[in-house]
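Please read this briefing alongside the sequence and the 3D structure.

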Amino acid sequence: MISLETTEESIIQGINEIEFFNDNIYILDSEGAKAVLVFSKDGKYKYKIGKAGNGPGEYITPLDFKIIDNKVYVLTYKKLLVYDMSGKYLNETELSFFANNFIQSSLNEYVFYGSSREDRIIFTNRKGRIISSFINYSSRNRVNVPWLFQKLDSFQIANVPYCDTIYKIIPNAISPYLYVDFGKAAFMDKIYRDLPPETDVANYVNDSDCYAFKASYSETRKDRILYFAFRKNSFLCIQNKKSSKKIFWRFLNAKTIFGFQKHMLFPKKLWEIA
């Protein structure tokens, strides 16, 4: 455990993103500090990356950041700002769309998770020009969740709320990687598309007594971690990759549920798509 030094400049309200690089800890707090804060490996506060404002190299709210090629890339509203490792502003890339998360998928591409009315997965070149996009925006789905992208050992995955498929990032496109089978509780695409455009899907599914939906998905080297909702309850499912054994946590009453029970016959399967 590392205790982070608290100063007037380093008070953290929440952690949106964290990276460890060259014996430093980089933490993004979009709500409280509204900055990328840099700490030493033993937790001593060092400095901020960039600063708030409307001028060159400044941001109103930093939404995401990544360390790429010994530079810090900070995503703000319709801009990608670039700083050196000391926090000095270098340059920026204008974007023609709104996004709240991004990754670098290759030497020549960025992948953004679109917010507002944008497509959900947007590929651009290094100059911010759109190459391709996937999963069209719908007014029904207004939900954005954290942990939208994750880098695994040899590739990266994308998690889209309400979508039972987790996608693999490939050059200029996405490819199905893993599918979550909720059986009869699945919130099928046809049901989604038949809802009136003004429907708030989050409320509709949460208020129903029959549908389950995936909120987020991530992996460790040993486990798959699925967060989902069903019958006004939130659940966490951890599946061992080797044995396929699942453990469920129900968040409403903190009761731990091991294995399958009659009222918990989902997800039936989590499997890789060939």
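**A buried arginine**

R120 is buried (under 20% relative accessible area, with exposed meaning over 50% and partly exposed in between, for a 1.4 Å probe and protein chains only), yet R120 has no salt bridge, and D119, the nearest side chain of opposite charge, is 7.9 Å away. A salt bridge is a side-chain nitrogen of Lys or Arg within 4 Å of a carboxyl oxygen of Asp or Glu; Lys and Arg count as positive and Asp and Glu as negative, while His and the chain ends are not counted. This is a predicted model, in which local features need pLDDT of at least 70 and side-chain atom pairs count only at pLDDT 80 or more, whereas totals for chains, interfaces and linings use all residues. Residues are numbered from 1 along each chain as its sequence is written, and side-chain values use heavy atoms, with hydrogens and water left out.

**Surroundings of R120**

- R120 sits in the loop that lies between β12 (109-114) and β13 (121-124); strands (E, at least two residues) and helices (H or I, at least four) are DSSP runs numbered from the N terminus.
- A polar atom of the R120 side chain lies 2.9 Å from the backbone oxygen of G114.

**Cysteines**

- A disulfide is a pair of cysteine sulfur atoms within 2.5 Å, and by this rule the count is zero.
- C210 is partly exposed, with a relative accessible area of 38%.
- C237 is buried, at 1% relative accessibility.

**The sheet β7-β8-β9-β10**

- Four strands, in the order β7-β8-β9-β10, form an open sheet with antiparallel pairing; two strands pair if DSSP finds at least two bridges between them.
- The edge strands, each pairing on one side only, are β7 (64-68) and β10 (89-94).
- On average, neighbouring strands of this sheet are turned by 20° against each other, direction ignored; the axes are lines fitted to C-alpha atoms, and angles run from 0 to 180 degrees between N-to-C directions.
- Strand β9 (residues 79-84) runs antiparallel to β10 and is joined to β10 by five bridges.
- Across this pair, L81 stands opposite E92, and L80 stands opposite T93.
- The hairpin of β9 and β10 has four residues between the strands, and G87 in the turn has a positive phi of about 100°.

- Strands β3 (residues 35-40) and β4 (residues 45-49) pair in the antiparallel sense over four bridges.
- L37 stands opposite K48 in β4.
- Four residues lie between the strands of this hairpin, where G43 takes a positive phi near 95°.

How values were computed
A polar contact is a pair of N or O atoms within 3.5 Å; within protein, one must be able to donate a hydrogen and the other to accept it, and residues adjacent in sequence count only if both atoms are side-chain atoms.
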